[in-house]
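Colleague: I would like to go through the salt bridges here. Can you take me through them one step at a time?

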Amino acid sequence: MDKFTNSAWFMRIVAFALAALLFISINFEMESDKKSLGLSTAPEISTETIENVPVEVYYDRENLVVSGVPETVDVTLKGAKSLLINAKNQRDFKVYVDLSDPAISMGDRTVTFKISDLNEKLVATIDPEYAEVNVQERVTKEFSVEAEYNSSLLEEGYTAGQPTVSPKTVKITGAKDAIEQISYVKANLEISKGLNETVNSKATVKALDRDLNKLDVTIEPSSVAVSLKVSIPSKTVSIAPKQTGKAKDGIRITSISVDPKEVTLFGSETSLEKIDEINLPVNISKIDGDTELELDLNKPDSVQKMSLGKAQVKIRTEKVDVDEENAEPVVEEEEPETEQKQEEQVVEEKPEPEEEDEAAAIESKTFNNIQIVPVGIRDDQDAELESDVTSITLLGEADDLKKITKDDINLTVDVSNLDEGTHDVDLAVKVPEGVEWELDSKTVSVTITQKDEET
């Protein structure tokens with residue numbers, strides 16, 4: 001035994017055993033220290049779900065249309081927590097559907113989602129895993145656009161013309177099946193209140209099937225300019241002064257005149273048909289002599305509006321004895337007139353022609369439905385007047401007014417310097433010399449649009 005223990009091999013075996021025990025002990029203590037300090041070498045495995053990850057679709061966009069691919073998917077990642085946090089924050093991976101094969105067939109097909117640029121140490125699960133898509137030939141076709149609006153928003157008495165659009169056609173691109181389903185191409189004019197004036201606005205174009213369902217297509221341009229002319233029927237009637245009350249003692253009313261003599265009424269056609277004149281009550285009970293008054297015109301309930309709300313009234317009077325005013329006219333026998341009486345009669349009768357001349361100096365004459373002519377229209381533009389006729393009142397001596405006809409009156413509006421859109425432009429008036437003129441409105445609304453280019 002002593003011989004064995006004293007041998008070299010025994011010492012070597014013992015030394016190796018001691019070294020092995022020391023190595024195991026030291027490693028065990030290091031692992032314990034790492035775990036206590038959170039320095040475990042084995043990574044912590046976790047999962048993380050990233051929602052609403054965009055989906056890219058690869059296909060021949062010039063010749064094909066693909067539908068049915070969802071815009072986003074949810075991706076669940078599994079792996080080391082540190083890698084998950086980085087992937088979630090950076091989102092540097094992509095989810096895609098690959099339909100780029102030139103030999104791909106048309107119609108319905110099932111495709112799986114794929115992921116790229118993801119750390120290889122992470123495992124991804126995509127929800128949903130696949131999509132039912134439809135591949136169609138890409139088609140572009142030109143369609144006419146029809147403008148529409150809610151006619152129930154027209155205020156009472158107002159009428160609207162046919163809405164116009166510019167441009168009149170649009171190009172629609174989409175899947176062949178979708179293009180074949182198009183039954184209507186509408187531009188809806190959005191109106192939020194009652195319509196009582198011409199509207200010029202932009203409207204979004206929509207392609208609809210026969211059941212008025214919106215189709216998934218691309219429209220160029222996506223919006224068009226829509227113009228809707230709104231007007232109201234009008235009628236010009238005379239203003240009839242009506243004497244009310246009783247004149248004061250010693251005052252006799254010789255004449256009552258009104259200026260202007262006519263007023264234009266606006267309302268529904270059925271309402272205007274029933275009106276031939278507007279009565280203007282004139283109370284003479286407080287008149288002491290020749291008087292000029294400005295009186296309000298009473299608007300009939302069935303009328304929406306009038307071209308003017310007031311009128312000038314001129315009252316001419318003469319003073320008489322109370323007995324003479326109430327007495328019956330007496331017919332006296334004629335006596336030979338002496339030369340002195342004849343001179344007195346001439347002197348008394350001289351003021352009458354002067355009064356007639358004074359009245360003639362303020363005569364007026366109204367012409368209705370005078371045409372307004374636009375001048376200076378450029379070749380590439382169209383001009384549309386809100387109203388192409390108006391009324392004009394001429395003031396002057398009676399003899400001069402009698403000679404004037406509609407052909408002697410020229411109303412124009414210069415549109416040569418106007419850009420596209422709606423403008424209020426001054427009217428240019430040309431009438432015979434020696435007379436003055438009055439207009440209800442000295443401007444007119446003009447809408448300028450660009451002509452469609454010929455193809």
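Colleague: Is Glu-277 buried, partly exposed or exposed?

Modeller: Keep in mind that this is a predicted model. The relative accessible area of Glu-277 is 36%. Buried means under 20%, and exposed means over 50%. So Glu-277 is partly exposed.

Colleague: Which side chain does Glu-277 meet in a salt bridge?

Modeller: Opposite charges can pair when the charged atoms come close. For Glu-277 the N to O distance is 4.0 Å, and the partner is Lys-242. Glu-277 lies in strand E21 and Lys-242 in strand E18, so the pair ties together parts 35 residues apart in sequence. The partner asked for is Lys-242.

Colleague: Which helix holds Lys-88, the partner of Glu-48?

Modeller: The side chains of Glu-48 and Lys-88 meet in a salt bridge at 3.1 Å, N to O. Glu-48 lies in strand E1, residues 45-58, so the pair ties together parts 40 residues apart in sequence. Lys-88 sits in residues 81-90, which form helix H3.

Colleague: Is Lys-186 buried or exposed?

Modeller: Lys-186 forms a salt bridge with Glu-148 at 3.7 Å, N to O. Lys-186 is in strand E13 and Glu-148 in strand E9, 38 residues apart. Glu-148 is partly exposed, at 32%. Lys-186 has a relative accessibility of 13%, and the cut-off is under 20%, so Lys-186 counts as buried.

Colleague: Which residue is linked with Glu-148 and Lys-186 in a network?

Modeller: The links in this network are salt bridges. One of them joins Lys-186 and Glu-148.

Colleague: How many salt bridges does the count come to?

Modeller: The rule needs a nitrogen within 4 Å of a carboxyl oxygen. By this rule the count is 9.

Notes: Residues are numbered from 1 along each chain as its sequence is written. This is a predicted model: local features need pLDDT of at least 70, side-chain atom pairs count only at pLDDT 80 or more; totals for chains, interfaces and linings use all residues. Side-chain values use heavy atoms; hydrogens and water are left out. Helices (H or I, at least four residues) and strands (E, at least two) are DSSP runs, numbered from the N terminus. Buried means under 20% relative accessible area, exposed over 50%, partly exposed in between (1.4 Å probe, protein chains only).
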